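Here is a short tour of a protein model, from its overall layout down to a few individual residues. Have a look at the structure, then read on.

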Amino acid sequence: MAGLMQGYPVVQIAFVVENIEASCHAFSQLLGTHATPVMDAGDYTVAQTVLDGEPAPEANCLMAFLNAGNGVSIELIQPNGKPSVWQEYLDKNGPGFHHIAFCTENMDRSVQDCGKVGLHLRQRGKYRDGSGEYAYLDGTDSLNIFIELLSQF
């Protein structure tokens, strides 16, 4: 049986955290590598974040990345307290495993395909530098996590 994400590379495993500095330190000790500098998700004029089909100019977070090897990074996300899939997860579940990210070459088609198996689009936006886009698909009912799709322009 072919899976929906078969052939799409896994590039990221992400955790929502309450304290990004402490989490960076803990994961650095675990992995023996340093985190990237902490950054925010970018200005809304570039990110153009949409949550549940509505513009979400206040949705933002702090994030850092660590190399986990084999082309996979660990992403740490500290939400800013405003409505977003990150903040919703933290409020409901506390800190923990949030999503697995896959790369896709056709974001719209991949979002539609995921919708056919019950993974519905919740949040979408562009990278902070405008070089690509992301989409969070809600798999919390069936998988207990979100699926993120990433695409470069």
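## Overall layout

The protein has four helices and 10 strands; helices (H or I, at least four residues) and strands (E, at least two) are DSSP runs, numbered from the N terminus. Along the sequence they follow the pattern β-α-β-α-β-β-β-β-α-β-α-β-β-β.

A word on the source: this is a predicted model, where local features need pLDDT of at least 70, side-chain atom pairs count only at pLDDT 80 or more, and totals for chains, interfaces and linings use all residues. Residues are numbered from 1 along each chain as its sequence is written, and side-chain values use heavy atoms, with hydrogens and water left out.

## Size and packing

The C-alpha atoms fill a box of roughly 40 × 35 × 30 Å along the principal axes. The radius of gyration is 15 Å, which agrees with the value near 15 Å for a compact globule of 153 residues; this radius is taken over C-alpha atoms, and the globule rule is 2.2 Å times the number of residues to the power 0.38.

Of the 153 residues, 44% are buried. Here buried means under 20% relative accessible area, exposed over 50%, and partly exposed in between (1.4 Å probe, protein chains only). Among contacts (heavy atoms within 4.5 Å) with a separation of 6 or more, 61% join residues 24 or more positions apart.

## Around glutamate 133

Where does glutamate 133 lie? Its place is strand E9, which covers residues 132–139. Glutamate 133 counts as buried because its relative accessible area is 14%.

The side chain of glutamate 133 makes a polar contact with that of arginine 124, at 3.1 Å. A polar contact is a pair of N or O atoms within 3.5 Å; within protein, one must be able to donate a hydrogen and the other to accept it, and residues adjacent in sequence count only if both atoms are side-chain atoms. Leaving aside neighbours within four places in sequence, the contacts of glutamate 133 also include Met107, Tyr127, Leu149 and Phe153.

## Two helices to look at

In helix H3 (residues 85–93), the buried residues are Val85, Trp86, Gln87, Tyr89 and Leu90. At the start of H3, a side-chain oxygen of serine 84 comes to within 3.3 Å of the backbone nitrogen of tryptophan 86. After H3 comes glycine 94, with a positive phi near 80 degrees.

Arginine 109 sits in helix H4 (residues 107–116). With a relative accessible area of 41%, arginine 109 is partly exposed.
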